[in-house]
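Dear colleague,

Please find below the structure that I am handing over to you. My notes on its contents follow directly after it.

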Amino acid sequence: MIDSQNLLARILWTDPFSNEQRAFFLAEGATVSIGRLETNDICIREQHVSRQHAVINFQDGIFMVNDLASANGVFVNDERVTEPYPLMAGDVLRLFVPTLLFTAMIDNFDERHITDHGTVITAMTSTGSGKLIVTNGAQEGTSIPLLLPRMTVGRATSKADWEIVLHEPSVSRPHARLELMENTWILTDLGSANGTFVNGTQVIEKGRALRDGDVVAFGAALTLFREG
(Lines give C-alpha, C1' and ligand atoms only; values in the text may rest on other atoms or scores of the structure.)
Protein backbone atom coordinates (compact mmCIF):
# COMPACT_ATOMS: atom_id res chain seq x y z
CA MET A 1 0.00 0.00 0.00
CA ILE A 2 1.25 3.46 -0.90
CA ASP A 3 0.96 6.35 1.53
CA SER A 4 1.09 9.54 -0.55
CA GLN A 5 2.13 11.48 2.56
CA ASN A 6 5.47 9.62 2.48
CA LEU A 7 6.20 10.82 -1.05
CA LEU A 8 8.36 13.96 -1.13
CA ALA A 9 8.76 14.87 -4.78
CA ARG A 10 7.68 14.17 -8.32
CA ILE A 11 9.51 14.20 -11.64
CA LEU A 12 7.53 14.83 -14.82
CA TRP A 13 8.85 13.97 -18.27
CA THR A 14 7.08 13.91 -21.63
CA ASP A 15 8.15 11.15 -23.98
CA PRO A 16 8.72 12.87 -27.36
CA PHE A 17 7.92 9.69 -29.29
CA SER A 18 4.55 8.93 -27.69
CA ASN A 19 3.83 12.44 -26.36
CA GLU A 20 2.88 10.73 -23.09
CA GLN A 21 3.64 12.51 -19.84
CA ARG A 22 5.26 10.21 -17.31
CA ALA A 23 5.34 10.83 -13.58
CA PHE A 24 7.88 9.43 -11.12
CA PHE A 25 7.03 9.78 -7.43
CA LEU A 26 10.01 9.91 -5.05
CA ALA A 27 9.89 8.72 -1.46
CA GLU A 28 12.35 9.80 1.21
CA GLY A 29 15.73 8.20 0.55
CA ALA A 30 14.97 7.37 -3.08
CA THR A 31 17.63 7.27 -5.78
CA VAL A 32 16.80 7.90 -9.44
CA SER A 33 19.23 7.11 -12.24
CA ILE A 34 18.60 8.71 -15.62
CA GLY A 35 20.08 7.65 -18.94
CA ARG A 36 19.71 5.95 -22.29
CA LEU A 37 20.13 2.39 -20.99
CA GLU A 38 16.91 0.63 -20.07
CA THR A 39 18.41 -0.35 -16.70
CA ASN A 40 17.99 3.27 -15.53
CA ASP A 41 15.05 4.26 -13.33
CA ILE A 42 14.16 6.85 -15.98
CA CYS A 43 15.12 5.61 -19.43
CA ILE A 44 15.29 8.32 -22.11
CA ARG A 45 16.16 6.84 -25.48
CA GLU A 46 17.43 9.99 -27.17
CA GLN A 47 20.76 10.40 -28.93
CA HIS A 48 21.76 13.40 -26.79
CA VAL A 49 21.44 11.34 -23.59
CA SER A 50 24.39 9.28 -22.33
CA ARG A 51 23.98 5.66 -21.32
CA GLN A 52 24.38 6.70 -17.69
CA HIS A 53 23.68 10.44 -17.75
CA ALA A 54 22.69 11.64 -14.26
CA VAL A 55 21.55 10.52 -10.83
CA ILE A 56 19.25 12.11 -8.28
CA ASN A 57 19.74 10.92 -4.71
CA PHE A 58 18.68 11.90 -1.23
CA GLN A 59 21.40 13.55 0.86
CA ASP A 60 20.85 15.20 4.25
CA GLY A 61 17.14 15.74 3.64
CA ILE A 62 17.49 17.15 0.11
CA PHE A 63 17.33 15.60 -3.34
CA MET A 64 20.59 16.29 -5.18
CA VAL A 65 21.33 15.87 -8.88
CA ASN A 66 24.76 14.74 -10.03
CA ASP A 67 26.17 14.59 -13.56
CA LEU A 68 27.68 11.17 -14.30
CA ALA A 69 30.34 12.54 -16.68
CA SER A 70 27.75 12.73 -19.45
CA ALA A 71 28.81 13.79 -22.94
CA ASN A 72 26.36 16.69 -23.19
CA GLY A 73 25.97 17.78 -19.59
CA VAL A 74 23.23 18.33 -17.01
CA PHE A 75 21.53 21.71 -16.70
CA VAL A 76 19.27 23.04 -13.93
CA ASN A 77 17.23 26.08 -14.99
CA ASP A 78 19.59 26.36 -17.99
CA GLU A 79 22.75 26.52 -15.86
CA ARG A 80 25.17 23.63 -16.25
CA VAL A 81 25.97 21.76 -13.03
CA THR A 82 29.34 20.09 -12.57
CA GLU A 83 29.03 19.01 -8.93
CA PRO A 84 26.19 17.73 -6.70
CA TYR A 85 23.39 20.30 -6.91
CA PRO A 86 20.35 20.64 -4.58
CA LEU A 87 16.97 20.54 -6.30
CA MET A 88 14.07 22.82 -5.40
CA ALA A 89 10.40 22.57 -6.36
CA GLY A 90 9.88 23.96 -9.84
CA ASP A 91 13.42 23.30 -11.06
CA VAL A 92 13.74 22.27 -14.71
CA LEU A 93 16.40 19.65 -15.45
CA ARG A 94 17.72 19.55 -18.98
CA LEU A 95 19.86 16.76 -20.40
CA PHE A 96 21.07 18.93 -23.28
CA VAL A 97 17.73 18.51 -25.11
CA PRO A 98 15.26 16.44 -23.00
CA THR A 99 13.74 18.30 -20.06
CA LEU A 100 12.30 17.03 -16.77
CA LEU A 101 10.32 19.02 -14.21
CA PHE A 102 11.08 18.50 -10.51
CA THR A 103 8.13 19.36 -8.25
CA ALA A 104 7.17 18.99 -4.61
CA MET A 105 4.32 16.68 -3.63
CA ILE A 106 1.73 19.39 -2.98
CA ASP A 107 -1.15 17.53 -4.58
CA ASN A 108 -3.22 15.16 -2.50
CA PHE A 109 -2.99 12.15 -4.78
CA ASP A 110 -4.66 8.94 -3.71
CA GLU A 111 -3.03 5.53 -4.07
CA ARG A 112 -4.97 4.61 -7.20
CA HIS A 113 -3.95 7.80 -9.03
CA ILE A 114 -0.29 7.25 -8.19
CA THR A 115 -0.20 3.61 -9.28
CA ASP A 116 -2.30 4.24 -12.40
CA HIS A 117 -0.49 7.34 -13.60
CA GLY A 118 3.07 7.06 -12.38
CA THR A 119 5.99 5.08 -11.03
CA VAL A 120 6.85 5.10 -7.33
CA ILE A 121 10.56 5.02 -6.46
CA THR A 122 11.39 4.20 -2.85
CA ALA A 123 14.60 3.90 -0.85
CA MET A 124 16.63 0.72 -1.24
CA THR A 125 17.19 -1.43 1.82
CA SER A 126 20.76 -2.43 2.64
CA THR A 127 20.98 -6.19 2.20
CA GLY A 128 24.69 -6.58 1.54
CA SER A 129 24.30 -6.91 -2.21
CA GLY A 130 25.42 -4.10 -4.46
CA LYS A 131 27.17 -3.08 -7.66
CA LEU A 132 29.28 -0.37 -9.23
CA ILE A 133 28.19 0.96 -12.63
CA VAL A 134 30.96 2.63 -14.65
CA THR A 135 29.64 5.89 -16.12
CA ASN A 136 32.54 7.16 -18.24
CA GLY A 137 35.53 6.04 -20.29
CA ALA A 138 36.03 2.80 -22.17
CA GLN A 139 33.94 0.79 -19.69
CA GLU A 140 30.92 3.13 -19.66
CA GLY A 141 27.76 1.22 -18.84
CA THR A 142 29.60 -1.77 -17.38
CA SER A 143 27.97 -3.14 -14.22
CA ILE A 144 30.34 -4.69 -11.69
CA PRO A 145 28.56 -6.81 -9.07
CA LEU A 146 30.10 -6.85 -5.59
CA LEU A 147 30.16 -10.60 -5.07
CA LEU A 148 32.87 -10.94 -2.43
CA PRO A 149 32.89 -9.44 1.08
CA ARG A 150 36.26 -7.78 0.39
CA MET A 151 37.15 -6.37 -3.04
CA THR A 152 40.08 -4.26 -4.20
CA VAL A 153 39.86 -1.68 -6.98
CA GLY A 154 42.85 -1.00 -9.21
CA ARG A 155 44.13 -0.11 -12.65
CA ALA A 156 44.09 -2.71 -15.41
CA THR A 157 47.61 -4.10 -15.92
CA SER A 158 49.00 -7.41 -17.17
CA LYS A 159 49.76 -8.42 -13.57
CA ALA A 160 46.65 -7.03 -11.87
CA ASP A 161 45.30 -9.40 -9.23
CA TRP A 162 42.55 -7.17 -7.78
CA GLU A 163 38.89 -8.02 -8.11
CA ILE A 164 37.73 -4.76 -9.75
CA VAL A 165 39.85 -3.69 -12.71
CA LEU A 166 39.38 -0.23 -14.24
CA HIS A 167 40.83 0.79 -17.63
CA GLU A 168 41.81 4.31 -16.64
CA PRO A 169 45.42 5.62 -16.34
CA SER A 170 44.58 7.82 -13.33
CA VAL A 171 43.64 4.76 -11.25
CA SER A 172 46.43 3.51 -8.98
CA ARG A 173 47.72 -0.05 -8.63
CA PRO A 174 45.86 -0.73 -6.33
CA HIS A 175 43.57 2.24 -5.62
CA ALA A 176 40.88 1.50 -3.03
CA ARG A 177 39.15 -1.28 -1.13
CA LEU A 178 35.49 -2.17 -0.56
CA GLU A 179 34.53 -4.24 2.48
CA LEU A 180 31.10 -5.52 3.50
CA MET A 181 30.38 -4.90 7.17
CA GLU A 182 26.93 -5.61 8.62
CA ASN A 183 25.24 -5.27 5.21
CA THR A 184 26.99 -1.95 4.51
CA TRP A 185 29.77 -1.45 1.99
CA ILE A 186 32.73 0.46 3.45
CA LEU A 187 35.10 2.27 1.10
CA THR A 188 38.75 2.94 1.98
CA ASP A 189 41.37 4.70 -0.14
CA LEU A 190 44.69 2.83 -0.34
CA GLY A 191 46.95 5.84 -0.67
CA SER A 192 46.08 6.39 -4.33
CA ALA A 193 47.86 9.08 -6.33
CA ASN A 194 44.70 10.78 -7.60
CA GLY A 195 42.32 10.15 -4.73
CA THR A 196 38.96 8.49 -4.12
CA PHE A 197 35.85 10.68 -3.96
CA VAL A 198 32.23 10.14 -2.94
CA ASN A 199 29.75 12.72 -4.26
CA GLY A 200 32.65 15.07 -4.89
CA THR A 201 34.15 14.76 -1.38
CA GLN A 202 37.53 13.10 -1.02
CA VAL A 203 37.73 9.97 1.09
CA ILE A 204 40.55 10.76 3.48
CA GLU A 205 39.29 8.93 6.54
CA LYS A 206 39.17 5.17 6.74
CA GLY A 207 35.80 3.55 6.45
CA ARG A 208 33.42 5.69 4.35
CA ALA A 209 30.02 3.96 4.31
CA LEU A 210 28.33 3.92 0.89
CA ARG A 211 24.66 4.63 0.30
CA ASP A 212 22.51 3.80 -2.69
CA GLY A 213 23.07 6.42 -5.39
CA ASP A 214 26.52 7.55 -4.25
CA VAL A 215 28.79 8.70 -7.08
CA VAL A 216 32.23 7.20 -6.48
CA ALA A 217 35.30 8.45 -8.37
CA PHE A 218 38.55 6.49 -8.45
CA GLY A 219 40.80 9.15 -9.96
CA ALA A 220 39.05 10.06 -13.21
CA ALA A 221 37.07 6.80 -13.34
CA LEU A 222 33.48 7.57 -12.33
CA THR A 223 31.10 4.94 -10.98
CA LEU A 224 27.59 4.84 -9.52
CA PHE A 225 26.99 2.69 -6.45
CA ARG A 226 23.65 0.90 -6.32
CA GLU A 227 22.23 -1.28 -3.56
CA GLY A 228 20.51 -4.54 -4.40
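Strands here are DSSP runs of E with at least two residues, numbered from the N terminus. In that numbering, I186 belongs to strand β18, which covers residues 184-189. Please bear in mind throughout that this is a predicted model.

**Surroundings of I186**

I186 has a relative accessible area of 12% and is therefore classed as buried, the limit being under 20%. With residues up to four places away in sequence left out, I186 touches R177, L178, E179, M181, G207, R208 and A209. For one of these, R208, the C-alpha atom lies 5.3 Å from that of I186, although 22 residues separate the two in sequence.

**Salt bridges**

Two of them involve R226. In one, the side chain of R226 meets that of D41, with an N to O distance of 3.2 Å. This pair links distant parts of the chain, 185 residues apart: D41 sits in the loop between β3 (32-35) and β4 (42-43), and R226 in strand β23 (residues 221-227). D41 is partly exposed, at 30% relative accessibility, while R226 is buried, with a relative accessible area of 11%.

In the other, R226 forms a salt bridge with D212 at 2.7 Å, N to O. Because D212 lies in the loop between β21 (208-209) and β22 (215-218) and R226 in strand β23, the pair ties together parts that are 14 residues apart in sequence. D212 is also buried, at a relative accessible area of 12%.

A further salt bridge joins the side chains of E179 and R150, again given from N to O, at 2.7 Å. Here too the pair links distant parts of the chain: E179 is in strand β17 (residues 176-181) and R150 in strand β15 (residues 150-155), 29 residues apart. R150 is partly exposed, with a relative accessible area of 43%. E179 is also among the residues that I186 touches.

**Surroundings of H53**

H53 is located in the loop between β4 and β5 (54-59). Its relative accessible area is 0%, so H53 counts as buried. The side chain of H53 makes a polar contact with the side chain of S70, at 3.3 Å. Neighbours within four places in sequence aside, H53 is in contact with I34, G35, H48, N66, D67, L68, S70, G73, V74 and L95.

Rolling a probe the size of a water molecule over the atoms shows where empty space is left. In this structure there is one cavity of 30 Å³ or more. The largest cavity holds about 60 Å³ of space. Which residues line the largest cavity? They are V134, N136, G137, A138, Q139, L166, H167, E168 and A221. By class, the lining divides into four nonpolar residues, four polar and one charged.

With kind regards

Conventions: Residues are numbered from 1 along each chain as its sequence is written. This is a predicted model: local features need pLDDT of at least 70, side-chain atom pairs count only at pLDDT 80 or more; totals for chains, interfaces and linings use all residues. Side-chain values use heavy atoms; hydrogens and water are left out. A salt bridge is a side-chain nitrogen of Lys or Arg within 4 Å of a carboxyl oxygen of Asp or Glu. Helices (H or I, at least four residues) and strands (E, at least two) are DSSP runs, numbered from the N terminus. Buried means under 20% relative accessible area, exposed over 50%, partly exposed in between (1.4 Å probe, protein chains only). On a 1 Å grid over the protein atoms alone, a cavity is a set of points where a 1.4 Å probe fits but cannot get out, and a pocket is an open set with protein on both sides within 12 Å along at least five of seven lines; lining residues have an atom within 4 Å of a point. Grid points are joined across faces, edges and corners, and a volume is the space filled by probe spheres set on the points. Ala, Val, Leu, Ile, Met, Phe, Trp, Tyr, Cys and Pro count as nonpolar, Asp, Glu, Lys and Arg as charged, and the others, Gly among them, as polar. A polar contact is a pair of N or O atoms within 3.5 Å; within protein, one must be able to donate a hydrogen and the other to accept it, and residues adjacent in sequence count only if both atoms are side-chain atoms. Contact means heavy atoms within 4.5 Å.
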